[in-house]
Amino acid sequence: MTDAALLSVSRVTKRYGPRNGGLTAVDDMSFAVERGEFVSVIGPSGCGKSTLFHIIGGLTQATEGRVSVEGEAITGPHPAIGMVFQEESCFPWRNVIDNVAFPLELAGQGRASRHATAQGFIDLVGLRGFEQRHPSELSGGMRQRVCIARTLAARPRLLLMDEPFASLDEQTRMLLGDKVLQIQQQLHQTTLLITHSITEAVQLSDRVIVMSYRPGRLKRTLAINLPRPRTADILVSPEFGTYVAELWNDLRQEATRGLAEAEG
Amino acid sequence: MSATRWQQAAPALGVLLIVALAALLQFAIRADWVDGYTVPLPSEVLASLPRLFVEEHVLARFAMTAGETFAAATMALVAGLAFGIVLYRWPRLRAAFEPWVAVLAAAPLVLAYPLFLVLFGRGPLTIVVIGFASALAPVILKTVEGFAAIRQVLLQVGRSMRLSPAQEFSLILVPAALPHIFTGLRLALVFALINVVGVEFLINLGGLGQLIGELSERYDLPGTWAAIGLVVLVSVLFFVVLDAGERRLGRRR
Ligand SMILES: Nc1ncnc2c1ncn2[C@@H]1O[C@H](COP(=O)(O)OP(=O)(O)OP(=O)(O)O)[C@@H](O)[C@H]1O
Ligand SMILES: [Mg+2]
């Protein structure tokens, strides 16, 4: 099955039992991510994005459906997938370089060699000079970059990120978006990014998957035909604006519904 | 003075306070506000130290009490981590047994010393076992508390990287819970020391506890107080070592 998509999600449904609220968080979602592609999943808060993230990462069992990597069904965490969590997840007891080198340590690499490799990823995310710092001495954006570098250091074939910049301010988020573009260009990293930011999704993606709110269904897929390599300049291009407007149109109804339900 | 300078000066300040209190006591006894027959002069307590060293083998006793305490606390640490991980992994066991462990922590186990004598004989083993038994509960409680307080997302990182249970234990659970484990270890040393000295005193065997018993029976009050001071010194020693260890392992989190 060499021509199977890198990631294939087919008819995945997640229902929480009556004891957990009896809710269908993800409903019959199907999509695929090809090698080298950058795909975003976008949807309003509470629509089931993190649930989908945990299912693809093999941390949660889907109620129905199947997730496969290169044709191989996922039953638990898969070595081809590297996860960056929504919540900040650096190890506070390790300094930056030992955080980033963590997966290499697991693989049994010696100290010198894993530090050399880790250094490359630290440079890549723009944290050179902070190798010996501990997470408590870094800003939130820097910590999230440490987490990304740590995940990249394992050389996953699919980078899976759940709103990695959600807790950051607007400027930092845009700068980190640039960083992700750079990483994408240098590593040709296949990426599935979960986000609720429309601009982020358009700026970074080849394709955007829009989720509906309750039940969390695939509402539409939008191909972003902006040229690569991309820079921050595209943020002001008219095509960019068109894509953003189109996505906002889709999302507005969902977000409004979500808000109304949350308040009602 | 800057904050760090203050921090450096703090231990000296503590010693100074002790010295000042002793001086005050000295003065109070001399002025007959305090009965010199029940409370010996601090100067006499200090003067009795050379005598204790020469006549009572204080160094050997100090080493014995410290060694027994260390052995008991170390055993409590190892066993406490093991029990801690079991109670953490199986929440039902935790719900069932944690209250009993808390009760055990408060129980004056030392009163059961005759039972331990029967089981382990009248020797250092009994002393260490009683010290261990009294130190175990706080380590278990603190360890479980530490494990339970770990942020879920750190464990999820471990799962996503497919750690084995042993790797999860040594690479995530223990380092994340280290501050709690150190608190447990501190309590363990305190509980172990109290009980080791108590049993030495009760069964008239071994280290500083026995010395305190003997000296007080001889009405050698300055000697008794000096020996008690040496017990305090044992715990000061442990705390200094532990502080240094914690600073090395758990800096800047
Ligand atoms: N373990 C669980 N048990 C019961 N319900 C859950 C559980 N986890 C999530 N849910 C519910 O499933 C729905 C989707 O949650 P999820 O965290 O996937 O949303 P999200 O899209 O990631 O939201 P956000 O953008 O705020 O992170 C929510 O209504 C949530 O309350
Ligand atoms: Mg989420």
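The residues of the shell around ligand 1 divide into five nonpolar, seven polar and three charged. In this classification Ala, Val, Leu, Ile, Met, Phe, Trp, Tyr, Cys and Pro count as nonpolar, Asp, Glu, Lys and Arg as charged, and the others, Gly among them, as polar.

This is a predicted model, in which local features need pLDDT of at least 70 and side-chain atom pairs count only at pLDDT 80 or more, whereas totals for chains, interfaces and linings use all residues. Residues are numbered from 1 along each chain as its sequence is written, chains are lettered from A and ligands numbered from 1 in the order in which they are written, and side-chain values use heavy atoms, with hydrogens and water left out.

**The ligand site**

Ligand 1 is surrounded by 15 residues, and the closest are S45(A), G46(A), S50(A), T51(A) and R214(A); a residue is counted here if one of its heavy atoms lies within 4 Å of the ligand. Helix α1 (residues 49-56) of chain A gives the most to this shell, with three residues. Helices (H or I, at least four residues) and strands (E, at least two) are DSSP runs, numbered from the N terminus.

| Side chain | Distance to an oxygen atom of ligand 1 |
|---|---|
| S45(A) | 2.6 Å |
| T51(A) | 2.6 Å |
| E163(A) | 3.0 Å |

Taken alone, ligand 1 exposes 630 Å², and the protein buries 67% of that. Accessible areas come from the Shrake-Rupley method with a 1.4 Å probe; for residues, only the protein chains shown count as cover.

**The interface of chain B and chain A**

In chain B, 18 residues are in contact with 25 residues of chain A, where contact means heavy atoms within 4.5 Å. The size of an interface is often given as the accessible area lost when the parts come together. Between chain B and chain A the buried area is about 2000 Å², of which carbon and sulfur atoms give 64%; this is the accessible area (1.4 Å probe) that the two parts lose on being put together, summed over both.

One salt bridge is counted between the two chains, a salt bridge being a side-chain nitrogen of Lys or Arg within 4 Å of a carboxyl oxygen of Asp or Glu. The side chains of E87(A) and R151(B) meet in a salt bridge at 3.4 Å, N to O. On the side of chain B that touches chain A, α7 (152-160) and α8 (165-203) of chain B each supply at least two residues. Of the elements of chain B, α7(B) gives the most to that side, with six residues. By class, the side of chain B that touches chain A has nine nonpolar, three polar and six charged residues.

**Features within the chains**

Chain B has ten helices and zero strands, and its C-alpha atoms fill a box of roughly 70 × 60 × 30 Å, taken along the principal axes.

Over all chains the count comes to 25 salt bridges. D27(A) and R217(A) meet in a salt bridge through their side chains (2.8 Å, N to O). D27(A) lies in strand β2 (residues 24-33) of chain A and R217(A) in the loop between β9 (207-211) and β10 of chain A, so the pair ties together parts that are 190 residues apart in sequence.

The peptide bond from R228(A) to P229(A) is cis, with omega near -5 degrees. P229(A) is found in the loop between β10 (218-223) and α8 (238-263) of chain A.

Key: A polar contact is a pair of N or O atoms within 3.5 Å; within protein, one must be able to donate a hydrogen and the other to accept it, and residues adjacent in sequence count only if both atoms are side-chain atoms.
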